[in-house]
Amino acid sequence: TFVGILKAYSKIGAMEKAQEIHAQINKSGKIESIAVATALVDMYVQNGLLAKAQHVFENFQDRNVMLWTALIAGYAEHGDSLNALASFEKMKLEGVSPDPLAFVYILKACGALGNAGKARQLHGEVCNMCFDRDMLVSSSLVDMYAKCGLLAKAREILNNLPVQDVVSWTALISGYVKHGYGEEALDCFEQMQREEVIPNTVTYICIFKACSIVGAIDKGDKIHAEISKQGLGGDIRLASTLVDMYAKSGWFSKAQEVIDKLHVPDVVPWTCMIAGYCRHGHGEEALNCFKHMQLQGAVPDANTYVCSLKACGCIRSTHKGKEMHALIVSNGLGKEDFIGNALINMYM
């Protein structure tokens, strides 16, 4: 009952209620059930409360691989890769053997750090335990090596997979894009299509970034037309990448079309548009875009203000720069270092 209700509260983010349940559990003196302890750790990490998750974890003595994995997953998912790796090592020191899921999360943490030496060590451990036959672990190996920049190794593992699915292909494509190899990413995409693997939204995001890297905007536009027929254009992340691709190339009418088709106004694609105008020296258009964005109901964020300050500097308008500065202060963003740098640059 406790496990079920903790999962339910976690799913809807009702942490006050969840902590009331936790208090109820504690009335008995200590948590006796490993399933309840794991549910508590999982609940706290899913809601970003890592200190509370660590506290529950440390107060439970009989820790198994599921409990360890819940903690490691929390650190990995919230970008605390060093603590994820430290927990993984402590788990092994306590005599608890990792299972495939634990490796999935620790490989993700290693990839985020870009630690090539650790990547090779973990790969060796995976092979020693024969987990390299697990599809999820194998895809995670591809992703880890790709993020670490060991792209030939990532490609080798992908080629040896019994089934090359969209996750493993996208992991490799993403790695090529991250390290600036746009042509290689596009080659992978074409091979993936020849093998009739259907791309997902993340694949397309990576491919539009690749098109932007190599300046293959016509190719990007062709792929955009294809996915529009499939009804995939409404995703905000995808739309933002498309706007960024078009705006970087100076194809502003096409970028505006993407924004106009969004059902809900969002700051990210608008900011990409403003950044594109600044990149091409169109300061007035960037500031008009800033005004239009607000009229549409999208709220500027720190990145939007940085781009808009560049636009003010571009047209050398002290008056508009001061107006933008006042907006930044009124929104409580004046103490952000990178905004401060942008302000100094604009006034200079």
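Visitor: How do the residues of the lining of the largest pocket divide into nonpolar, polar and charged?

Guide: The model is a predicted one, and its largest pocket has a volume of about 370 Å³. The lining of this pocket is made up of 21 residues. By class, the lining residues divide into eleven nonpolar, six polar and four charged.

Visitor: Which residues of that lining lie nearest the centre of the largest pocket?

Guide: Helices α1 (2–12), α3 (34–46), α5 (65–77) and α7 (100–113) each give at least two residues to the lining of the largest pocket. Of the 21 residues in this lining, those that lie nearest the centre are T38, D42, M66, T69 and A70.

Visitor: Which elements give two or more residues to the lining of the second largest pocket?

Guide: The second largest pocket holds about 320 Å³ of space, and 14 residues line it, with S140, D143, K147, V167 and A171 lying nearest its centre. The elements that supply two or more residues to this lining are α7, α9 (135–147) and α11 (166–178).

Visitor: How do the lining residues of the second largest pocket divide by class?

Guide: The lining of the second largest pocket consists of 14 residues. Sorted by class, they divide into five nonpolar, five polar and four charged.

Visitor: Are α17 and α19 roughly parallel or roughly antiparallel?

Guide: Two packed helices are described by the angle between their axes and the distance between the axes. For helix α17 (residues 267–279) and helix α19 (residues 302–314), the angle is about 20° and the axes are 9 Å apart. Because angles under 35 degrees count as roughly parallel, α17 and α19 are roughly parallel.

Visitor: Which residues of α17 and α19 make the contact?

Guide: α17 passes α19 in a left-handed crossing. On the side of α19, the contact involves N303, T304, C307, S308, K310 and A311, and on the side of α17 it is made by V267, T271, I274, A275 and C278.

Visitor: How are α2 and α3 oriented to each other, roughly parallel or roughly antiparallel?

Guide: The axes of helix α2 (residues 15–26) and α3 come within 12 Å and cross at roughly 155°. Since angles over 145 degrees count as roughly antiparallel, α2 and α3 are therefore roughly antiparallel.

Visitor: How do the residues of the contact of α2 with α3 divide by class?

Guide: The contact is made by M15, A18, Q19, H22 and I25 of α2 together with V36, L40, M43 and Y44 of α3. These contact residues divide into seven nonpolar, two polar and no charged.

Key
Residues are numbered from 1 along each chain as its sequence is written. This is a predicted model: local features need pLDDT of at least 70, side-chain atom pairs count only at pLDDT 80 or more; totals for chains, interfaces and linings use all residues. Side-chain values use heavy atoms; hydrogens and water are left out. On a 1 Å grid over the protein atoms alone, a cavity is a set of points where a 1.4 Å probe fits but cannot get out, and a pocket is an open set with protein on both sides within 12 Å along at least five of seven lines; lining residues have an atom within 4 Å of a point. Grid points are joined across faces, edges and corners, and a volume is the space filled by probe spheres set on the points. Helices (H or I, at least four residues) and strands (E, at least two) are DSSP runs, numbered from the N terminus. Ala, Val, Leu, Ile, Met, Phe, Trp, Tyr, Cys and Pro count as nonpolar, Asp, Glu, Lys and Arg as charged, and the others, Gly among them, as polar. Axes are lines fitted to C-alpha atoms, for helices over the stretch in contact, and angles run from 0 to 180 degrees between N-to-C directions. Angles under 35 degrees count as roughly parallel, over 145 as roughly antiparallel, 65 to 115 as roughly perpendicular and the rest as oblique. A crossing is left-handed if the near helix is turned anticlockwise from the far one by less than a right angle, and right-handed if clockwise. Contact means heavy atoms within 4.5 Å.
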